[in-house]
Amino acid sequence: MDEKELIQQVIQHSNHQAFGILVDRYSKMVITTCMGFIGNYHDAEDIAQDVFVELYESLPEFRSESKLSTWIYRIAVNKSLNFLRRKKKETFLHTIVGDKRKGKAEQTLDGIVGNQYSDVNIEYKEQHKLLRDAMSKLPENQRIALVLSTYHELSYKEIAEVMDTSVSSVESLLFRAKNNLRKIMVKSKS
Amino acid sequence: MDDYFKGKLEGEVQSELQDHLMACTKCQANLLVIKSLKEMASEEVSRYTENPFFASRVLSRIEAQKVSKYIDIKTRLIGYATIAAAVIIGLFVGGQLGTLGTKVISTNTNAEMLAEEYIPSSTESIYEYDFEEVENLNNK
C-alpha cells in the first residue's frame, strides 16, 4: 500500500493497521530528530510517541500537496522544542526555589551521556558534551536548521519547507549556527 | 566547507580550500565543529535500535486517548445534566415556597383584619350573626 492509500485508510476508516505501517516507516526519522534536539534516547522516544499521536489527530488536515515527511518533521521539531522549553522552565524554577540539586533534565542528560559513552574515551565524551551544551545555547531557528541538516542530511530546500522559510534564509541560518557553535565552544574551553 | 567535508570538492577548488585551511585558524575551527557535529549525529543515529513495540505503544496511546475523551464528554454531559436538574428542582421548590408565602401574606391583609373586627372568625355562619344588635350599638 502506498503512502496516499495509507493516509486515506486512516482518515476515512480510522484504520489502525494502516497507521501502524506509517509509524513503522517514520519512527526512526522521528526518534533521531527528537534525539538531535534533546540528546537522550529515552525522552526522545517518549516525545516521538506524542508526535505520532498528534499526527493521527491532525492527519485529516494534511494536504497531500506537501510531503508527509515534511509534516512529520514539523510536528517533531515543535514537540522537541516544547519539551526543552518545559525542562528549561523546570530547571529555572529549581534554581529560584533554591534547590541545590541539578535540574532533572540535566541529571538525565548527564546520566545518559555517562552511560552511552562509558566505553569511549573521555575526550570524545567531553567533546560531545561540549557540543550539546553549545547547541542548547543556539537560537531555536539555528538549532532546527542544524539538526535537520546534520542528523538527516536534508537539503536546504527540504529544510526550508519544514521551517516554512526561504532557501537563502536556511543557508544563512546554518552559516550563523556553525559560527556561533565555534564561538561558544572556544569560549567554554577557555 | 560542508562540501569539502563530504568529499564533494575536486581538483583546483579542493586544493585551494586546503591551502586556505592550512593558514586560517578560524576555518580550521569551523571544520572541526562540522566534523564533531557529523560524528555526534552519525554516532547517535547508529545507536538507534528499532523498538518492536513502538508502533503498538503509539496505537494503544491513541486508543486510550479516545477512551478518555469519550469519558470526558460523558462526564461533562452528566455534569451538565446534574446542573440542569438542580436548576429545575430549585426553580420548582422556589416557586412552591413563593406561593406558600403569598398565601400567608394574604391572610394578613388589612381588608381581612378589618372584617375580623365585625364578623369574628369564630362565627360559624354569617346567618348566625346578630346584625340588629350591631346596628343598635352603632346608633348609640
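Okay, housekeeping. Residues count from 1 along each chain as its sequence is written, and chains are lettered from A, with ligands numbered from 1, in the order in which they are written. Since we're looking at a prediction, local features need pLDDT of at least 70 and side-chain atom pairs count only at pLDDT 80 or more, while totals for chains, interfaces and linings use all residues.

So, scores. The model comes in at ipTM 0.72 and pTM 0.69. Where is confidence lowest in chain B? That's helix H5, residues 110-118, with a mean of 65, while helix H3, residues 25-47, is highest at 85. Helices here are DSSP runs of H or I, at least four residues, and strands are runs of E, at least two, numbered from the N terminus.

Chain B has six helices and zero strands. Of its 140 residues, 6% count as buried. Buried means 20 or more other C-beta atoms within 10 Å of the residue's own; 12 or fewer is exposed, in between is partly exposed, and C-beta atoms are placed from the backbone.

Next, the contact. Chain B puts in 22 residues and chain A 26, with contact meaning C-beta atoms, placed from the backbone, within 7 Å. On the chain B side, H3 and helix H4 (54-106) each supply at least two residues, and H3(B) gives the most, eleven. By class, that side has 13 nonpolar, four polar and five charged residues. Nonpolar covers Ala, Val, Leu, Ile, Met, Phe, Trp, Tyr, Cys and Pro; charged is Asp, Glu, Lys and Arg; the others, Gly among them, are polar.

Over to chain A. Its helix H3, residues 41-58, spans 25 Å from first C-alpha to last, close to the expected 26 Å, which is 1.5 Å times one less than the number of residues. Buried residues in H3(A) include A:Ile47, A:Val51, A:Phe52 and A:Leu55.

A:Val51 also shows up in the largest nonpolar core, 50 residues, where A:Cys34, A:Val51 and A:Leu148 touch the most other members. A core here is a set of buried Ala, Val, Leu, Ile, Met, Phe, Trp, Tyr and Cys residues joined through C-beta atoms within 7 Å. Helix H2 of chain A, residues 16-38, gives the largest share, ten residues. Why does this core lie between domain 1 (1-102) and domain 2 (117-190) of chain A? Because both give residues to it, with domain bounds taken from an automatic or database assignment.

Technical notes: pLDDT = per-residue confidence, 0-100. Contact = placed C-beta atoms within 7 Å.
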